[in-house]
Structure formats: structure tokens, C-alpha cells
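Q: I am new to this structure. Please show me how to read its features one by one.

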Amino acid sequence: MDSPAFDLAFEPAYGRAVPVVAGVERITANNPGPFTFFGTNSYIVGSSSVAVIDPGPEDEAHFQALMAALAGRAVTHIVVSHTHRDHSPLARRLQAATGAVTVGQGPHRPARPLRTGEINPFSESSDLSFMPDIALSDGETISGDGWALSAVLTPGHTANHAAFALEGRDLLFSGDHVMAWSTSIVAPPDGSMADYMASLDRLIERQDGLLLPGHGGPVTEPASFLRALKAHRLKREQAVLARIRAGDRQIAEMVKVIYRDTDPKLHGAAALSVLAHIEHLMERGEIAADGPPSLAAGYRPA
């Protein structure tokens, strides 16, 4: 199956601030993993008065690296793209140390209610205690000395995911919605494939010149990358539909075929992605299930 041209070249430079573009620095937390790549990117925006985007996990070394990079500068805003534990928990310590206000779309919430007997597989990954001081609606802007950030709501990866446009710079901080190194995880009930696809369309329409994601390096050619990413998701959806039409009834059967070239350790996450596609297909009436859609349900063509 064709994929976007993912870029795996990245130097995390743990413990120090790396200039990305004028007025933007990146510090990468040392929390590498299959879902975080080399680690979480925290961004410092501004010069004498700054915002910190995605302070990252509760990690002492990363906190000290941020404080060293911020020395002598006033932090006015701590901006959170979404409430997964690799992005938002350090906001509390950073706020206590700097007095900055926290900013985000809102507290953590699922994209849909849990169904009877359903367990949220990503509940341990969610930061349920984060409550932003400023909850931004779509298009709302915060500003500081020489910079302004506007919220671009991009639900899908999580219901409260937001990207942030750096006004006047043709640049978007894309969080985990779009990353150069991999596709984003969309796992119900936290995530929604219908929302994710709509958010992709929104970024395609924006035509930003540069995306700075929550993990890995920048997306330097967003227009072509976003179109390829959308095509990849649509092909994956068609692959799920084809497996159901071919007689597969369980998600586990579909994963073995569709993700046969993927590390089996990631098949659990792949199953959740297939469930997200199935929910999207069911919303459009293309397939049916024996009861509510779930990892264990049986599926058939509508």
C-alpha cells in the first residue's frame, strides 16, 4: 500500500534548544518510543516574552532543559495541543515556575461516549487533570511580544486536539495531527476517523508553508504531504472494506492481512485504527456489525 514520503531523519539533541526558524526553538524530551519517535517536541516561540508549546511529559531532565533555555525570558503562555501524557503534564510545573497561563482547546474527553462494557485502551495515556486557564475556540488568538498564535481546531487524534498557526509566518504547529515521520494514531473512543479526515481536509485548504509537529522533524512540503496522507487513509479504509467483502468478520483477521508488514508489537494499535475506519464506514452505511462496533464484534457488508 502506497504511503506518504515519511522522513525519518531527525537529530533530537536532547537537553538543548535547537533553532528551527527565526523566533522558534525546539527542545525534544528524551522519551522515545513507538508512538513518540525520538521524543516529544516542545517549542519556544518569541524572544524576550515567549510561549511554550507542548511542555511535554513529567520529566525532570526535560524540565531543567526548558528552564535553562528560558533563562532571562518571561513566559506568558503555556500552550497544549492535546492532553496525552507525552504532551501536557509538565505544564503544571512550568506554570508554577513561571506564572504563565495555560492554553488549550479544553480538558481531555473522548470523541464519543464509552459503550456498555467498553474499556478505553488509551486511558492511561490521557492527562485527565489538565484544565487550561484559557480555552480557545477555533480562530481565537493569543499574543505576546512580537508573536501571535491562532487556534486551528483539528480533532481526530483526540477530541480536544488543536494546531496553532504562527500569525504572519505561514507556519503551523501541528501537534500529533500531522507528523513527517509517521501517521497519527486514531483510536476510538478517544479518537474519531471522521473527525480526523475532516481535520486533514481543513489543513489541505489552509495551504500552510511549514508544519512543526509534536514528534520528529518538520513537514517541509505540506501541500503534497497532506494530500498523500489523505490518500493513504482512504486506501486503508478501502482495504478494510475489501477484507470485509472478502469474508473477514473479525478485526484481528483484517489486521493480519492489512498490516502483515508491520511489527506485530504494533498490531494492537493497528486494530484500534481498523476500528476507527470501521466506525467511519458504519456511519456512512457501508458495513454493518453484530451489535455495537468494537474490537470483538463481527462485521459484514451492509
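Q: Is S49 buried or exposed?
A: Buried means under 20% relative accessible area, exposed means over 50%, and partly exposed is in between, with a 1.4 Å probe and protein chains only. S49 has a relative accessible area of 13%, so S49 is buried. This is a predicted model, in which local features need pLDDT of at least 70, side-chain atom pairs count only at pLDDT 80 or more, and totals for chains, interfaces and linings use all residues. Residues are numbered from 1 along each chain as its sequence is written, and side-chain values use heavy atoms, with hydrogens and water left out.

Q: Which residues is S49 in contact with, leaving aside its neighbours within four places in sequence?
A: Contact means heavy atoms within 4.5 Å. With those neighbours set aside, S49 is in contact with A74, T76, D145 and W147.

Q: In which strand does S49 lie?
A: Helices (H or I, at least four residues) and strands (E, at least two) are DSSP runs, numbered from the N terminus. S49 lies in β4, which covers residues 49–53. The protein has six helices and 14 strands.

Q: What is the order of the strands in the open sheet of seven?
A: Two strands pair if DSSP finds at least two bridges between them. The order is β1-β2-β3-β4-β5-β6-β7, and the pairing is mixed. β1 (18–21) and β7 (134–135) are the edge strands, each pairing on one side only. In a regular strand the side chains alternate between the two faces of the sheet.

Q: In which sense do β6 and β7 pair?
A: β6 (residues 101–104) and β7 are parallel, with two bridges. G104 stands opposite A135 in β7.

Q: How many bridges join β8 to β9?
A: Four bridges join β8 (residues 141–144) to β9, and the two run antiparallel.

Q: How many residues of β9 are buried?
A: Six of the seven residues in β9 (residues 147–153) are buried. β9 also pairs with β10 (residues 162–166), antiparallel and over five bridges. There, A151 has F164 in β10 as its bridge partner.

Q: What share of the residues in the whole protein is buried?
A: Buried residues make up 54% of the 302 residues. Among contacts between residues at least 6 apart in sequence, 64% join residues at least 24 apart.
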